[in-house]
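Let's walk through this model together, one region at a time. Please keep the 3D view open as you read.

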Amino acid sequence: MAINLQKGQRINLEKSSGAKLVQFCVGVNWGAIEYQAEEGGFLGFGKKTVTKTKDVDLDLSCAMYDENGNLVDHLYSPLYRPELLAQFGLNAGKLVSITGAMRHTGDDLEGDKGGDDGLDNEIITVDLSKLGTNIHRIFFFLNSVGEEDFSQVPYAKIRMYEGTPAKVDSVYAEYNVVSEPQYRGKKALIMGELYKKGDDWKFNAIGDAFEDVFLGQTIQRISQNYAK
């Protein structure tokens, strides 16, 4: 049975059998915004109320740090403009980590329509055995690329599972962030981190939201306030 994480909860990456979780997927799932609208009719007669959806473009990214809190690798969309990234001292976006230990499936520009389909919108595959020995902390975060903030997104959740981006074999843990008024104006969400303690990897459900309008601001925030 999957572990349902709460904000601030920390867990070991250890299965019920005692085996370590080494190869897994980190997936994020979110919903498109549904709203009611009137359409049809003539001179105000015969109108009907229909349910429509508005696409939600969120970007899943991760930033990797060494034991001293230095940024050493990253995964985020190659669509971010290099000149804007350069203002924050960041390199161009990419979907594969330096050692190939982590791979991003690419952008989802819409979110789930018609409710949760049970699949993740964006996924990062992880193989801890291939990570560089200099990597000690990996932060996963979301940025809203459009006008929407996280109070409008009906749901967003992160989960770790065994399987592939196309098939879930077994969910190990998940952390759900529901739409709440305190997320009004917040366009960045630091979902959680993988961190190394001794020879073991653990996960921390963070769930902190901020008003950052650009990915560079979020990475800068993580570097200054979380990774040190």
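**Around Tyr226**

Tyr226 counts as buried, at 17% relative accessibility; buried means under 20% relative accessible area, exposed over 50% and partly exposed in between, with a 1.4 Å probe and protein chains only. Before going on, note that this is a predicted model, where local features need pLDDT of at least 70, side-chain atom pairs count only at pLDDT 80 or more, and totals for chains, interfaces and linings use all residues. Residues are numbered from 1 along each chain as its sequence is written, and side-chain values use heavy atoms, leaving out hydrogens and water.

You will find Tyr226 in the segment after H2 (helices, H or I of at least four residues, and strands, E of at least two, are DSSP runs numbered from the N terminus). Not counting residues up to four places away in sequence, Tyr226 touches Arg137, Phe139, Ile190, Ile206, Asp208, Phe210 and Arg221, where contact means heavy atoms within 4.5 Å. Arg137 is 89 residues from Tyr226 in sequence, yet their C-alpha atoms are 9.8 Å apart in space.

Now to the sheet. Six strands form an open sheet in the order S2-S14-S13-S10-S6-S7, with antiparallel pairing; two strands pair if DSSP finds at least two bridges between them. Strands S2 (10–12) and S7 (71–75) are at the edges with a single partner strand each, so one side of each has no neighbour in the sheet. Further in, S6 (residues 58–65) and S10 (residues 137–144) pair in the antiparallel sense over eight bridges, and Leu60 stands opposite Leu142 in S10.
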